[in-house]
Amino acid sequence: MVDVEEIKENIENKKEEAKKDIKEKKEQAKEDLKIKAEETNEKVNEQIGEKINKSKEFADSLGTNLGKTFDNTVIVLKEMQSKLDTKVQGYKESSAVSIPIDLVNAKDYYYIQAALSGVAKEDIELEASETSISITAEFKNIFKNIESNGPQPEHIIKGLKNGKAMRTIHLGNEIKMDEISAKFQDGCLFLEIPKQHVEKRKINID
């Protein structure tokens with residue numbers, strides 16, 4: 001005859017064993033997962049550390065190279081600036097940027113004397129407006145006097161002005177444009193400019 005109680009007890013025992021086995025497997029799975037997670041984190045940290053070190057080495061190398069490049073660039077720029085300054089200074093000394101003048105204000109006249117050394121009379125132009133005088137002159141360089149069939153002569157020292165220059169002198173009074181006189185002698189242009197006197201009238205107030 002079948003013992004029902006014994007069968008029930010066996011079933012309960014198997015249930016308990018199954019529960020215990022499942023619990024142990026779950027704990028083991030958790031432990032395995034934890035170990036794998038730690039190993040993965042460790043590998044990731046190692047890879048990150050390696051990348052950081054490589055990035056740092058690259059940055060240090062780049063900084064060193066950039067520093068050298070910057071220093072070399074500064075040296076080159078200083079040399080270029082020095083050459084440019086020399087050329088600009090030579091240009092300032094030789095270019096006819098402006099015309100030096102003296103201006104005198106007398107009772108009935110303005111007198112202007114302009115220094116135009118080396119300029120030919122036909123290379124001077126004068127223009128007058130109601131209140132100003134403009135002087136334009138062309139300074140020709142040394143090459144106009146040199147005839148050479150060989151290589152282009154080299155300009156070593158540029159001490160004389162060359163090129164076209166213009167100077168406009170603004171006057172305080174209106175002038176008589178038709179009565180201006182101009183003389184050119186010994187490299188100097190002399191202008192005598194009569195003033196246009198405007199009569200003043202008193203105005204009565206009503």
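Q: Let's start with T136: buried or exposed?
A: T136 is buried, because its relative accessible area is 14%, where buried means under 20%, exposed over 50% and partly exposed in between, with a 1.4 Å probe and protein chains only. This is a predicted model, in which local features need pLDDT of at least 70 and side-chain atom pairs count only at pLDDT 80 or more, while totals for chains, interfaces and linings use all residues. Residues are numbered from 1 along each chain as its sequence is written, and side-chain values use heavy atoms, with hydrogens and water left out.

Q: And where is T136, and what is T136 in contact with?
A: T136 sits in strand 4; strands here are DSSP runs of E with at least two residues, helices are runs of H or I with at least four, and both are numbered from the N terminus. Setting aside neighbours within four places in sequence, T136 is in contact with D123, I124, E125, K164, A165 and M166, a contact being heavy atoms within 4.5 Å.

Q: How many bridges join strand 3 to strand 4?
A: Five bridges join strand 3 to strand 4, which covers residues 132-139, and the two run antiparallel. I124 stands opposite A137, and A128 stands opposite I133.

Q: Switching topic: how many salt bridges does a search of the whole structure find?
A: The search finds one salt bridge, defined as a side-chain nitrogen of Lys or Arg within 4 Å of a carboxyl oxygen of Asp or Glu. The partners are K140 and D123, whose closest N and O atoms are 3.6 Å apart. K140 is in the loop between strand 4 and strand 5, and D123 is in the loop between strand 2 and strand 3, so the pair ties together parts that are 17 residues apart in sequence. K140 itself is partly exposed, with a relative accessible area of 43%.

Q: What about the sheet of four strands, in which order do they come?
A: The order is 1-2-7-6, in an open sheet with antiparallel pairing. Its edge strands are strand 1 (101-105) and strand 6, each of which pairs on one side only. Neighbouring strands of this sheet are turned by 10° against each other on average, direction ignored.

Q: What is phi of D186 near?
A: Phi of D186 is near 55°, a positive value in a residue other than glycine. D186 belongs to the loop between strand 6 (181-185) and strand 7 (188-194), and D186 counts as exposed because its relative accessibility is 74%.

Q: Which residues form a nonpolar patch on the surface?
A: The patch consists of V44, I48 and I52, with about 250 Å² of accessible area together, computed by the Shrake-Rupley method with a 1.4 Å probe, where for residues only the protein chains shown count as cover. Patches are made of residues with over 30% relative accessible area and no salt bridge, joining like charges within 9 Å and nonpolar side chains (Val, Leu, Ile, Met, Phe, Trp, Tyr) within 5 Å. I52 lies in helix 1 (residues 4-94) and is exposed, with a relative accessible area of 51%.

Q: Last one: how many helices and strands does the chain have?
A: The protein chain has one helix and seven strands, and of its 206 residues, 14% count as buried.

Methods:
Pairing = 2+ DSSP bridges. Axes fitted to C-alpha atoms, helices over the stretch in contact; angles between N-to-C directions.
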